[in-house]
Amino acid sequence: MLTDPISDYLTRIRNASKAGHRVVNIPASNLKQQMTKILFDQGFILSYKFEENEVQGNIKIALKYDKFTKEPVIKKIQRVSKPGLRKYAGSGELPRVLNGLGIAIVSTSHGVMTSKQAKQENVGGEVLCYVY
């Protein structure tokens with residue numbers, strides 16, 4: 001049993017990118033699928049595939065690397081809101097990561113989105129993680 005599946009998701013991506021792996025498999029959930037779509041839309045991962053199994057299913061994520069230096073595109077992926085200490089932000093208090101170069105993934109009442117999208121829709125929520 002995992003106490004924090006989001007931290008596990010982020011740690012698997014972080015470890016695979018630092019080890020130079022091309023693909024990482026992660027147990028699926030609806031929240032993780034939405035986070036994966038955001039990472040793809042923002043250009044942090046190369047591609048993804050949702051595999052349905054009888055019980056839970058998997059997410060296969062192809063990690064993205066720089067063509068010339070072979071460095072991972074994801075420099076840092078960090079959990080913000082933890083089960084022991086939740087971090088919430090209103091629409092006016094949403095964080096800017098690396099002065100706009102990174103993204104903050106926020107869980108709102110309108111679904112999971114980046115902090116920039118949440119500001120445009122004027123909603124706040126739980127700040128899940130920073131990616132840059």
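Tutor: A helix here is a DSSP run of H or I with at least four residues, a strand is a run of E with at least two, and both are numbered from the N terminus. In this predicted model, N122 has its place in the loop between α3 and β8.

Student: What makes N122 count as exposed?

Tutor: Set its value against the cut-off. Exposed means over 50% relative accessible area. N122 has 56%, so it counts as exposed.

Student: What is the phi of N122?

Tutor: About 60 degrees. That is a positive value, although N122 is not a glycine.

Student: Which other loop residue has a positive phi?

Tutor: L98 is one. Its phi is near 50 degrees, and L98 is not a glycine either. L98 is found in the loop between β5 and β6.

Student: Why is L98 called partly exposed?

Tutor: The partly exposed class lies between the buried limit of 20% and the exposed limit of 50%. L98 has a relative accessibility of 47%, so it falls in that class.

Student: Why is S115 called buried?

Tutor: Buried means under 20%. S115 has a relative accessible area of 9%, so S115 is buried. S115 is found in helix α3, residues 115-120.

Student: Which residues does S115 touch, beyond those up to four places away in sequence?

Tutor: S115 touches L94, P95, A104 and V106.

Student: How do you know that S115 and P95 make a polar contact?

Tutor: A polar contact needs a pair of N or O atoms within 3.5 Å, one able to donate a hydrogen and the other to accept it. The backbone oxygen of P95 lies 3.2 Å from a polar atom of the S115 side chain, so the distance is within the limit.

Student: How many bridges join β8 to β5, and how many to β6?

Tutor: β5 (residues 88-89) pairs with β8 over 2 bridges, in the antiparallel sense. β6 (residues 103-108) is joined to β8 by 6 bridges, again antiparallel. A89 has G125 in β8 as its bridge partner. T108 also stands opposite G125.

Student: What holds paired strands together in general?

Tutor: Strands of a sheet pair through backbone hydrogen bonds, either parallel or antiparallel.

Student: Now the sheet with β1, β2 and β3. What makes β1 and β2 edge strands?

Tutor: The sheet is open, has 3 strands and has the order β1-β3-β2, with antiparallel pairing. β1 (23-27) and β2 (45-51) each pair on one side only, and they are the edge strands. Neighbouring strands of this sheet are turned by 20 degrees against each other on average, direction ignored.

Student: How do you know that β1 and β3 pair?

Tutor: The rule asks for at least two bridges. β1 and β3 (residues 58-63) have 5, so they pair. V23 has A62 in β3 as its bridge partner.

Student: Why is K60 called partly exposed?

Tutor: K60 lies in strand β3. Its relative accessible area is 33%, which falls between 20% and 50%, so K60 is partly exposed. Beyond its neighbours within four places in sequence, K60 is in contact with residues including V24, Y48 and E51. K60 and V24 are 36 residues apart in sequence, and their C-alpha atoms are 5.8 Å apart.

Student: Which helices lie across this sheet's strands?

Tutor: Helix α1 (residues 5-19) lies across β1 and β3, at about 165 degrees to β1. Helix α2 (residues 30-41) lies across β1, β2 and β3, at about 155 degrees to β2.

Technical notes. Residues numbered from 1 in each chain as written. Predicted model: local features only at pLDDT ≥ 70, side-chain atom pairs only at ≥ 80, totals over all residues. Heavy atoms only, no water. Axes fitted to C-alpha atoms, helices over the stretch in contact; angles between N-to-C directions. Contact = heavy atoms within 4.5 Å. Buried < 20%, exposed > 50% of the residue type's maximum accessible area, 1.4 Å probe, protein only.
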